[in-house]
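Trainee: I would like to go through this model with you and ask, for each label, what it rests on.

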Amino acid sequence: RAVNLVNPGDTIYMRGGTYLLTDSGVQTNRSGSNGNYISVFNYPGETPVLDGINITTSYRSAIALTDASWWHIQGLEIKNAAAHGIYLIGASSNNIIERNVTHHNVRIQLSGAGITVVDTGANNLILNNDSHHNGVLGTSGGDGIGVNYTRALGNIVRGNRVWLNNDDGIDLWGAANVLVEGNWSWENGLKDDLTPSGGNGVGYKLGGAGPGDGNHTIRNNLAWRNE
């Protein structure tokens with residue numbers, strides 16, 4: 001309800017505890033404005049958990065921003081969504097996704113990630129998140145973080161930790177012009193027992209969809225024991 005009421009400059013503080021999402025998840029196309037973010041923060045010292053176990057439609061994500069800009073989402077734990085944990089789609093730009101934990105998402109859909117940016121969104125900052133155990137074992141999908149099919153400028157993936165995702169750690173399939181720095185990516189494409197999970201298991205996938213992929217800046221990252 002709060003998501004549908006806020007205006008630029010407003011902050012939603014979420015108290016600790018588990019919030020069971022309905023099948024629609026949390027969807028919005030509202031936007032803040034330049035310098036006036038709509039913020040969704042954990043209440044200091046508490047951890048709100050958004051649980052998407054009741055989402056049964058395969059393409060539904062826990063949080064979906066559609067053509068929605070100037071959001072700052074921080075300090076949430078997001079799990080069990082059918083598709084993505086946090087999904088920035090369309091022209092969603094100038095958003096900050098910070099210090100969230102996304103895990104065991106992409107539970108039904110066969111592709112996706114804990115956090116995903118697609119389409120024409122620019123200047124999104126994916127900062128200091130943990131994303132792990134996303135994807136269905138035995139399939140080819142489920143990344144930690146994805147920036148896909150966008151050639152927009154200014155998207156940044158910085159300071160994140162991604163591990164034990166079914167497919168890749170950080171996946172830039174179909175993307176260009178992304179800055180990737182200071183991330184840790186390990187044991188992707190592996191199960192907890194470190195046997196192959198079914199995905200590619202690439203620590204940092206820098207393209208592959210065809211001409212136009214690339215022109216990324218990749219610096220000061222770590223990768224080890226990816227499949």
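Trainee: Why is D23 called partly exposed?

Mentor: This is a predicted model, and in it D23 has a relative accessible area of 25%. Buried would need a value under 20% and exposed one over 50%, so D23, at 25%, is partly exposed.

Trainee: What makes D23 and R60 a salt bridge?

Mentor: The closest N and O atoms of D23 and R60 are 3.1 Å apart, and the rule asks for a side-chain nitrogen of Lys or Arg within 4 Å of a carboxyl oxygen of Asp or Glu, so the pair counts as a salt bridge. D23 lies in the loop between β2 and β3, and R60 in the loop between β5 and β6, so the pair ties together parts that are 37 residues apart in sequence.

Trainee: What makes R158 and E181 part of a network?

Mentor: R158 forms a salt bridge with E181, with the closest N and O atoms 2.6 Å apart. R158 lies in strand β16 and E181 in strand β19, so the pair ties together parts that are 23 residues apart in sequence. Salt bridges that share partners then join R158, E181 and R219 into one network. The structure as a whole holds eight salt bridges.

Trainee: Why is the pair of W163 and W186 called stacked?

Mentor: The count of aromatic pairs comes to six, and one of them is W163 with W186, at 5.0 Å centre to centre and with 5° between the planes. Centres must lie within 6.5 Å, and planes under 30 degrees apart count as stacked, so both values place W163 and W186 in that class. W163 lies in strand β17 and W186 in strand β20, so the pair ties together parts that are 23 residues apart in sequence.

Trainee: And why is the pair of W184 and W224 called edge-to-face?

Mentor: The ring centres of W184 and W224 are 6.0 Å apart and the planes stand at 65°; because an angle over 60 degrees counts as edge-to-face, that is the name for this pair. W184 is partly exposed at 41% relative accessibility, and W224 is partly exposed at 35%. Ring pairs link W163, W184, W186 and W224 into a cluster.

Trainee: What makes R15 and Y43 a charge over a ring?

Mentor: The charged end of R15 is 4.1 Å from the centre of the ring of Y43, and the distance limit is 6 Å. The charged end of R15 is listed as sitting over that ring, a label that also asks for a position within 35 degrees of the ring normal.

Trainee: How do you know that strand β15 is mostly covered?

Mentor: Six of the six residues in β15 are buried. Five bridges join β12 to β15, and these strands run parallel; at least two bridges are needed for a pair, so β12 and β15 pair.

How values were computed: Residues are numbered from 1 along each chain as its sequence is written. This is a predicted model: local features need pLDDT of at least 70, side-chain atom pairs count only at pLDDT 80 or more; totals for chains, interfaces and linings use all residues. Side-chain values use heavy atoms; hydrogens and water are left out. Buried means under 20% relative accessible area, exposed over 50%, partly exposed in between (1.4 Å probe, protein chains only). Helices (H or I, at least four residues) and strands (E, at least two) are DSSP runs, numbered from the N terminus.
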